[in-house]
Protein chains: 2
Amino acid sequence: MLNPAGSVVPICTLAVDAMGGDHAPEAIVRGVDIAAERHPGVKFLLFGQEAALVPLLRRHKRAAAHSEIRDAREVVGNDMKAAAAVRLRGTSMRAAIDAVAGGHASGVVSAGNTGALLALAKIVLKALPGIDRPALAAIMPSARGDTVMLDVGANASCDSRNLVEFAVMGDVFARTVLGLTTPRVGLMNVGAEELKGDERVREAADILRGTYLAPNFHGFVEGTDIASGTTDVIVTDGFSGNVALKTAEGAVKLVLQMLRSVFTASIATRMGYVLARPGLERLREMIDPRRYNGAMMLGLNGVVVKSHGGTDAQGFAYALDLAIDMAANSFNDRIRDGLARIVDSGALGAREGGKAPRMAAGS
Amino acid sequence: MLNPAGSVVPICTLAVDAMGGDHAPEAIVRGVDIAAERHPGVKFLLFGQEAALVPLLRRHKRAAAHSEIRDAREVVGNDMKAAAAVRLRGTSMRAAIDAVAGGHASGVVSAGNTGALLALAKIVLKALPGIDRPALAAIMPSARGDTVMLDVGANASCDSRNLVEFAVMGDVFARTVLGLTTPRVGLMNVGAEELKGDERVREAADILRGTYLAPNFHGFVEGTDIASGTTDVIVTDGFSGNVALKTAEGAVKLVLQMLRSVFTASIATRMGYVLARPGLERLREMIDPRRYNGAMMLGLNGVVVKSHGGTDAQGFAYALDLAIDMAANSFNDRIRDGLARIVDSGALGAREGGKAPRMAAGS
């Protein structure tokens, strides 16, 4: 809206939940400071306790120059149930989301309570027309560049139509945020068992083969394909996607732990570490969890990015980058276009247009 | 049966599909040779083409001393559909499974076509009384020792009762094969979303809290808990389990690839590699895929172990070790005991005993 597609300098306004996350509000304001340098055309609305934010902005001049404080006294606790958070008025999280709903910002970024953010975002912003189930997407490193996977936890179970919508949103995400012109899309399945995977997955594949996505639809992928980068987009249900995301995180952490213990085992290996350190630092950078910080809630009327609660300023700045990329590249307009093309093609068959957009949260 | 529990030297007979896998029959016979040294009380029935096996046994004396050849002319191809493999008579795979059904062996090990092995094993051996769905289990490394996860691909979707049966089988596996006296059991779930995961998973947790497993039931785990070793047993459906297993494999491989590229980047890092090599070799050993070779089909009338098709002799020997551990420790008797305790406790509620054992393959 504020950002004509094709503009070189991203211009948009983001609503920031300045009180969410383990290191809020300091890490948040410092993250805004970093992002403000990278994106001078972006304006930040900082929602939170004014008394805490004013002194922080005094210390971070770039953040101050690009931000406005919006006082919000209440904070959604990390352990608060989503249902309770939804009822609570005056929270920084709620106010930030309201700003998007009111047209004052194109997107919202929060490092706060995940369940509360998802529930509030769904209720306040609502799903895009034609989207049955908004989905959480995450970016993961692979041998061939970044991969986007969705759903990673918004919907424990999905039907074939949901998976097709995820494919549309994932394709648009790969184009607008990963900058790919013809992203390859894969559907997660299991190959090992005699039933050859899930019926809903097979049905979704059949539908996708009849859509505009068909030329870049790779078909089925398996867990190993995430790291090998077989496709740029991996579509799956929220249960297996969440398990995959967290399993990969855990596996990488375990190997790095083992590596540390290996390098501290003897004087010789310690010397090896000193010599290999520049390379190992590069490895750490390649798989830096801060670089992959941020899960994107796709399919809502507004951009919603969830930053890890424990991230630092650098990590939060990456989450802001993501939101800016999406907001400045008319992300949701492109999803609308993609959905329209699928509906026009009749690929969804008898269900085409026959099913009113429905909110998962309300079901 | 042949193996009284508590015997120091495992005594049992295993049926081996000598023609299955990418490097069969050579790698298979060499694997038997390695296993025969480790387990002098075990007898191997080698099913395959006699003309190919005789010269191999001539070269591998230990294997020869502990094996008998059972001529089987046909081979199940790697690309053969399970349904076709089931119809094909006279294959080494089928004959090996028949030997278990006929009481001539306690278990079968094959590196051949996975779908065919699972389908044949289910049809020929049938599920244990009280087991609704046999499951595939895999052992994965963690920061706190080995973890067993099931199902990793036999059943794309599962209900709460299936998950409870998996918990019983996983607990017995951790006791008999991993050698743990009080294995902790976790149920895979997703924590991030506002619905707090899958309903079937929550129902399974409620049931488990009313069984003999309750004291060691940890509750829900997430993907990261696999590598951190939060529990010794992880119970999940075959879709997410398969995705998790393969995602972890891929992630570990990616980090090792990056590590290689880091160490070959400069002369300094190459020197670092030389110094760190003993440690890195140790790292490789810790996560050697051959050590984690073999998926176990649990819940059938007989032990069934699937080795990776691409493994070498060492990897196949590990798969044989697993089968021997299970066969020699009365694995299936213990599962029967566990199921009986759950049925007696009434934890399965109205469904207790009311549901006849049913084969997934036949549904």
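At the start of helix α7 in chain A of this predicted model, a side-chain oxygen of A:Asp159 comes to within 3.1 Å of the backbone nitrogen of A:Arg161. Helix α7(A) is mostly covered, with 16 of its 17 residues buried.

The largest nonpolar core has 244 residues, and the members that touch the most other members are A:Phe44, A:Phe173, B:Phe44 and B:Phe173. Leaving aside residues up to four places away in sequence, A:Phe44 touches A:Leu14, A:Val16, A:Val32, A:Ala35, A:Ala36, A:His66, A:Ser67, A:Glu68, A:Leu320 and A:Ile324.

The sheet of chain A comes next. In chain A, 11 strands form an open sheet with mixed pairing, and their order is β3-β2-β1-β4-β11-β10-β5-β6-β9-β7-β8. At its edges lie β3 (67-71) and β8 (217-221) of chain A, each of which pairs on one side only. From one strand to the next, the twist in this sheet averages 25°. Within the sheet, strand β7 (residues 185-188) of chain A pairs in the parallel sense with strand β9 (residues 233-235) of chain A over 3 bridges, and A:Gly186 has A:Ile234 in β9(A) as its bridge partner. Helix α5 (residues 92-101) of chain A packs on the sheet, where it touches β1 (12-17), β2 (42-48) and β4 (107-110) of chain A, and its direction makes about 160° with that of β1(A).

Chain B also has an open sheet of 11 strands with mixed pairing, in the order β3-β2-β1-β4-β11-β10-β5-β6-β9-β7-β8. The edge strands of chain B are β3 (67-71) and β8 (217-221), each pairing on one side only, and the twist averages 25° from one strand to the next. Strand β4 (residues 107-110) of chain B runs parallel to strand β11 (residues 303-306) of chain B, and 4 bridges join them; the bridge partner of B:Gly107 in β11(B) is B:Val303.

| Helix | Strands it lies across | Angle |
|---|---|---|
| α5 (residues 92-101) of chain B | β1 (12-17), β2 (42-48) and β4 of chain B | about 160° to β1(B) |
| α10 (residues 238-263) of chain B | β5 (135-140) and β6 (147-150) of chain B | about 25° to β5(B) |

B:Thr230 is found in the loop between α9 (224-228) and β9 (233-235) of chain B. B:Thr230 counts as buried because its relative accessibility is 17%, and buried means under 20%. Not counting residues up to four places away in sequence, B:Thr230 touches B:Arg144, B:Arg184, B:His218, B:Val221 and B:Asp225. One of these, B:His218, is 12 residues apart from B:Thr230 in sequence and 8.6 Å apart in space, taken from C-alpha to C-alpha. The side chain of B:Thr230 makes a polar contact with the side chain of B:Asp225 at 2.5 Å, and there is also a polar contact between the side chain of B:Thr230 and the side chain of B:Ser228 at 3.2 Å.

Methods. Residues are numbered from 1 along each chain as its sequence is written. Chains are lettered from A and ligands numbered from 1 in the order in which they are written. This is a predicted model: local features need pLDDT of at least 70, side-chain atom pairs count only at pLDDT 80 or more; totals for chains, interfaces and linings use all residues. Side-chain values use heavy atoms; hydrogens and water are left out. Two strands pair if DSSP finds at least two bridges between them. Helices (H or I, at least four residues) and strands (E, at least two) are DSSP runs, numbered from the N terminus. Axes are lines fitted to C-alpha atoms, for helices over the stretch in contact, and angles run from 0 to 180 degrees between N-to-C directions. Contact means heavy atoms within 4.5 Å. Buried means under 20% relative accessible area, exposed over 50%, partly exposed in between (1.4 Å probe, protein chains only). A polar contact is a pair of N or O atoms within 3.5 Å; within protein, one must be able to donate a hydrogen and the other to accept it, and residues adjacent in sequence count only if both atoms are side-chain atoms. A nonpolar core is a set of buried Ala, Val, Leu, Ile, Met, Phe, Trp, Tyr and Cys residues joined through side-chain atoms within 4.5 Å.
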